[in-house]
Amino acid sequence: MSDLAAARAPQRVRHETRMRLLDVVGVADITPLMRRITLSGDLVGFVSAGHADHIKAFFPTPGTDPVVPVLGPNGAEFPEGTPRPQMRDYTPRYFDKAANTLDIDFVLHGDGPASSWAAQATIGQQLLIGGPRGSMIVPPAYDWYLLAGDETALPALGRRIEELPKGANVIAVIEVDNLAEEQRFKTKADLTLIYVHRNGQPAGTTALILNKLRELQFPAGEAHSYIAGESAMSRAVRQFLEAERGFNPEYIRAAGYWVLGEADAHEPH
Ligand SMILES: Cc1cc2nc3c(=O)[nH]c(=O)nc-3n(C[C@H](O)[C@H](O)[C@H](O)COP(=O)(O)OP(=O)(O)OC[C@H]3O[C@@H](n4cnc5c(N)ncnc54)[C@H](O)[C@@H]3O)c2cc1C
């Protein structure tokens with residue numbers, strides 16, 4: 001491996017996994033369809049070192065209290081006779097160690113246990129989370145960075161934009177429903193932030209991100225790309241970058257964060 005390839009190799013870090021029953025201490029709509037839930041309590045030892053990290057959040061049957069499982073060889077094991085909660089992946093948006101708070105941003109898409117839980121969440125409720133189990137850290141050793149995704153990826157893409165160092169050249173293409181859903185980020189990086197709007201078309205049904213990428217002239221040099229959002233979109237963007245723009249597949253990470261029409265589904269590409 002050349003020195004440059006070694007410098008660019010992603011580093012995988014493992015974390016101790018444990019379950020945490022956290023208190024909801026804040027509920028705020030950062031845009032009309034994005035609700036930030038602030039959690040506090042048992043966050044000792046919580047680590048989230050990479051923008052693509054995820055926690056598992058457990059959503060109890062409405063009207064029942066969260067039950068804390070034990071971690072066995074097959075993951076979380078719940079006491080016999082208790083209904084298994086629904087489990088979904090979410091990005092740790094901000095962990096503030098000093099304040100002992102963890103922010104998670106939920107898209108209020110209107111269907112499903114996670115979105116429904118977030119829509120009714122109030123201060124004083126509790127949420128059970130596990131993880132992150134590990135982090136992948138992409139060194140800032142590339143000529144530029146491409147980020148693309150829909151609103152489910154906004155927490156991860158926002159983290160990446162905020163964490164990239166001064167001088168890093170980053171282009172982000174993000175799909176949201178409309179102007180009111182756009183978020184702005186503080187960053188030292190040289191950021192080109194492009195939003196595309198669905199304007200009422202259902203999420204996961206448009207080619208807006210791909211079409212915008214096709215229009216763009218990319219900077220010279222080697223890029224690292226992080227693509228996340230609806231699965232077919234993410235796959236199509238990877239294919240486009242590899243087949244039509246000659247990107248190195250090793251330097252693309254594409255994730256299907258959700259699958260149109262399927263509950264509890266996600267896919268790596
Ligand atoms: C690593 C990772 C990190 C993630 N981080 C976040 C995050 O920080 N914030 C966030 O909001 N989501 C995030 N997601 C996506 C989230 O886990 C999914 O959207 C999940 O399906 C939501 O669960 P649910 O119970 O609301 O809906 P489900 O029960 O899973 O699905 C019910 C129906 O809703 C559809 N659906 C699911 N999500 C959406 C959506 N966003 N828009 C429209 N329809 C949808 C499904 O296709 C299905 O038809 C992440 C996913 C992964 C894999």
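Hi everyone, let me start with contacts along the chain. Taking contacts between residues at least 6 apart in sequence, 68% join residues at least 24 apart. Please keep in mind that this is a predicted model.

Now for the overall picture. The chain holds five helices and 17 strands. Its radius of gyration is 19 Å, close to the 18 Å that the globule rule gives for 269 residues, so the chain is as compact as a globular protein of that length. If you draw a box along the principal axes, the C-alpha atoms fill roughly 55 × 45 × 35 Å. And how many of the residues count as buried? Of the 269 residues, 33% do.

Let's move to the ligand. There are 27 residues around the ligand, and the ones that come nearest are T91, H109, G112, A114 and S115. Which elements give two or more residues to this shell? They are β7 (86-90), β9, α2 (113-120) and β16 (252-258). By class, the shell is made up of 12 nonpolar, nine polar and six charged residues. Both domains take part: at least three residues of the shell come from domain 1 (13-134), and at least three from domain 2 (140-268).

Next, some backbone details for you to look up on the screen. A bit of background first: most residues other than glycine have a negative phi, and most peptide bonds are trans.

Let's take the peptide bond first. From G131 to P132 the bond is cis, and its omega is near 0 degrees. You will find P132 in the loop that runs between β10 (126-130) and β11 (134-137).

Then there is N100, which is not a glycine and yet has a positive phi, near 60 degrees. This residue sits in the loop between β8 (92-96) and β9 (101-107). Is N100 buried, exposed or partly exposed? N100 has 15 other C-beta atoms within 10 Å, so it is partly exposed.

Where is it? N199 lies in the loop between β14 (190-197) and α4 (208-215). N199 counts as exposed because it has 10 C-beta neighbours inside 10 Å, and the cut-off for exposed is 12 or fewer.

Technical notes
Residues are numbered from 1 along each chain as its sequence is written. This is a predicted model: local features need pLDDT of at least 70, side-chain atom pairs count only at pLDDT 80 or more; totals for chains, interfaces and linings use all residues. Helices (H or I, at least four residues) and strands (E, at least two) are DSSP runs, numbered from the N terminus. A residue is buried if 20 or more other C-beta atoms lie within 10 Å of its own, exposed if 12 or fewer, and partly exposed in between; C-beta atoms are placed from the backbone. The radius of gyration is taken over C-alpha atoms; the globule rule is 2.2 Å times the number of residues to the power 0.38. Two residues are in contact if their C-beta atoms, placed from the backbone, lie within 7 Å. A residue is near a molecule or strand if its C-beta atom, placed from the backbone, lies within 6 Å of it. Ala, Val, Leu, Ile, Met, Phe, Trp, Tyr, Cys and Pro count as nonpolar, Asp, Glu, Lys and Arg as charged, and the others, Gly among them, as polar. Domain bounds come from an automatic or database domain assignment.
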